[in-house]
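Me: I would like to learn how to read a few features of a structure. Please show it to me before we start.

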Amino acid sequence: MPPEPSAGTTIQCPQCGGESPLPAGRELVRCPFCSATLFVDRSAVVSHYSLPTLLDRDEATAALRRWMAGNETVKGLDRESQVENIEPLTFPMWLFRAHTDAGKVVFVEPAAPTPIPQVADLEVPAGKLEPFHDPEASVRPIEPTIPLETAKGWVQQRGVHRVTETALVEVPFWHFRYKYDGRSYRALVEGSTGTVLAAVYPEKAESPYVLIAVLGLVLFGLEGLAISNPVLKLLAYAVTAIPLTLIAYWVARKV
Ligand SMILES: [Zn+2]
């Protein structure tokens, strides 16, 4: 791995190819030729972008409530959970454009550790990328600490080898902490699209449905064995289906 660039080093702009000295301090590196914003990693100089924040606090909360009312989560989560804390932050992501058999694709990998690994599945709307700018003072910027080389390794593990472009993208998130049934959970709402990401959350219970299915199989099976007359058999099936449907309906309302 090449040594970390230090003051006095020249860097090459990935957008125009222009070489310029690396400015000291390097909070915001800008190419003097094409004014692209750049990020200097240990191994490379890449374009540096921000995604705009399009959802305010209330809109992000509404997006979280919609997700809570959806089908993945336990029934009533939207009404019975209490939001304890909302924090705006920007999260750094390595973005890779690559050629695969399926055509041109865009991948992202986290550039900082996160307890919510789903960020790697986030779809970054490439058309919305803006030159990097410092976030507002109320926003906590999370620093990129995962080297580009590490993230490149993950992309290669996904079977992608012909990376044509690499960039660092600062993605705005609203970080939520909420309480449900005595436990604390967290979720991220992406500030540009409203996508909700969560690793651990109160899930919809699956077991009652499995029980109904098993019960149905057993009952139908027994009836099939016990009744030989095909007309009576169909009649018995129909009569059994009614309570099963009612139970399933009741469970769907409840769970
Ligand atoms: Zn340039």
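Me: Leaving aside its neighbours within four places in sequence, which residues is Val189 in contact with?

Reply: This is a predicted model, in which local features need pLDDT of at least 70 and side-chain atom pairs count only at pLDDT 80 or more, while totals for chains, interfaces and linings use all residues. Residues are numbered from 1 along each chain as its sequence is written. Two residues are in contact if their C-beta atoms, placed from the backbone, lie within 7 Å. With those sequence neighbours within four places left out, Val189 is in contact with Ala60, Ala63, Leu64, Phe173, Trp174, Phe176, Gly194 and Val196.

Me: How many residues does the largest nonpolar core have?

Reply: A nonpolar core is a set of buried Ala, Val, Leu, Ile, Met, Phe, Trp, Tyr and Cys residues joined through C-beta atoms within 7 Å. A residue is buried if 20 or more other C-beta atoms lie within 10 Å of its own, exposed if 12 or fewer, and partly exposed in between, with C-beta atoms placed from the backbone. Here the largest core has 41 residues, and those with the most contacts inside it include Leu64 and Val189. Strands are DSSP runs (E, at least two residues), numbered from the N terminus. Strand S10 (162-180) is among the elements that each supply at least two residues, and the largest share, eight residues, comes from S10.

Me: Where is Asp181 found, and why does it count as exposed?

Reply: Asp181 is in the loop between S10 and S11. Asp181 counts as exposed because it has 11 C-beta neighbours inside 10 Å. Its phi is near 55°, a positive value in a residue other than glycine.

Conventions
Helices (H or I, at least four residues) and strands (E, at least two) are DSSP runs, numbered from the N terminus.
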